[in-house]
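The sequence and structure are shown first.

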Amino acid sequence: DLALARALATGDEAAFRVFVDQQTAPVFRICYRILGRVDEAEDAAQETFVLAYRALATFRGDGPAGAWVARIATRECWRRSSSRARRLAATTPLDDILGATLADPADPAREVVAAEERAAVRRAVAALPEPYREVVALRFFGDLSLADIASATGRPEGTVKAQLHRGLERLRRGMRMVST
């Protein structure tokens with residue numbers, strides 16, 4: 001992994017292809033967790049790698065390359081999410097509810113409620129101010145450790161831990177206000 005990071009830092013295109021192969025699934029997972037739709041997650045993941053390729057010169061190679069691309073993915077997804085929010089109404093589209101119902105014919109009501117809860121969590125995380133949104137998204141949508149988040153963001157691990165704690169407190173308060 002260190003050799004790959006160093007090769008990426010030098011702009012090695014073959015190393016970037018290997019990196020894309022290794023990181024496609026984790027990046028897609030991050031995008032899907034944030035955006036909640038397969039088609040949008042696929043587009044965001046593809047754009048993430050385009051952005052990463054363009055930004056290869058900025059990658060120093062001193063931290064995990066996966067954390068670096070996860071940060072790019074979360075930022076791209078939040079950008080897309082806020083853009084989509086301006087275009088769409090705040091209600092859940094009927095197609096999403098029907099799609100969730102069709103996905104679990106054994107208990108459609110539970111699947112609809114679960115889909116609504118996931119959407120509410122995504123909206124609440126999106127409403128967090130920076131740096132809390134970034135840290136919470138990298139930790140829970142990107143499955144990164146505190147050390148990896150610190151490396152990707154260039155912040156001390158203690159700062160990341162405090163921002164995660166404060167972000168989760170704000171998220172809890174925001175979710176309580178939504179449920180009442």
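The sections below proceed from the overall fold to individual residues.

## Basis of the model

The model is predicted: local features need pLDDT of at least 70, side-chain atom pairs count only at pLDDT 80 or more, and totals for chains, interfaces and linings use all residues. Residues are numbered from 1 along each chain as its sequence is written, and side-chain values use heavy atoms, with hydrogens and water left out.

## Overall fold

The protein chain contains nine helices and zero strands. Helices (H or I, at least four residues) and strands (E, at least two) are DSSP runs, numbered from the N terminus. Along the sequence, the pattern is α-α-α-α-α-α-α-α-α.

Of the 180 residues, 39% count as buried; buried means under 20% relative accessible area, exposed over 50%, and partly exposed in between, with a 1.4 Å probe and protein chains only. Contact means heavy atoms within 4.5 Å. Among contacts between residues at least 6 apart in sequence, 62% join residues at least 24 apart.

## Nonpolar core

The largest nonpolar core has 47 residues, and Leu 8, Phe 19, Cys 31 and Trp 68 have the most contacts inside it. Such a core is a set of buried Ala, Val, Leu, Ile, Met, Phe, Trp, Tyr and Cys residues joined through side-chain atoms within 4.5 Å. Two or more residues are given to this core by each of α1 (2-9), α2 (13-35), α3 (38-54), α4 (65-87), α6, α7 (132-141), α8 (146-153) and α9 (157-179). In soluble globular proteins, nonpolar side chains tend to be buried together.

Beyond its neighbours within four places in sequence, Phe 19 is in contact with Leu 4, Leu 8, Phe 49, Ala 65, Gly 66, Trp 68 and Val 69. Helix α7 is mostly covered, with seven of its ten residues buried; these include Tyr 132, Val 136 and Phe 141.

## Packing of α2 against α3

The axes of α2 and α3 come within 8 Å and cross at roughly 145 degrees. Axes are lines fitted to C-alpha atoms, for helices over the stretch in contact, and angles run from 0 to 180 degrees between N-to-C directions. Residues making this contact include Phe 16, Phe 19 and Cys 31 of α2, and Ala 45, Phe 49 and Tyr 53 of α3.

The residues of the contact divide into 15 nonpolar, three polar and three charged. Here Ala, Val, Leu, Ile, Met, Phe, Trp, Tyr, Cys and Pro count as nonpolar, Asp, Glu, Lys and Arg as charged, and the others, Gly among them, as polar.

Arg 122 is found in helix α6 (residues 108-127) and is buried, with a relative accessible area of 16%. Not counting residues up to four places away in sequence, Arg 122 touches Arg 33, Ile 34, Leu 35, Gly 36, Trp 78 and Phe 141. A polar atom of the Arg 122 side chain lies 3.4 Å from the backbone oxygen of Ile 34.

Arg 123, also placed in α6, is partly exposed at 46% relative accessible area. The C-alpha atoms of Arg 123 and Ile 34 are separated by 9.1 Å, with the two residues 89 apart along the chain.

## Backbone geometry in the loops

Most residues other than glycine have a negative phi, and most peptide bonds are trans. A cis peptide bond joins Glu 130 and Pro 131, with omega about 5 degrees; Pro 131 lies in the loop between α6 and α7.

Asp 143 is a residue other than glycine with a positive phi, near 55 degrees. Asp 143 is found in the loop between α7 and α8 and counts as partly exposed at 45% relative accessibility.

Methods
Polar contact = N/O pair within 3.5 Å; in protein donor to acceptor, adjacent residues only side chain to side chain.
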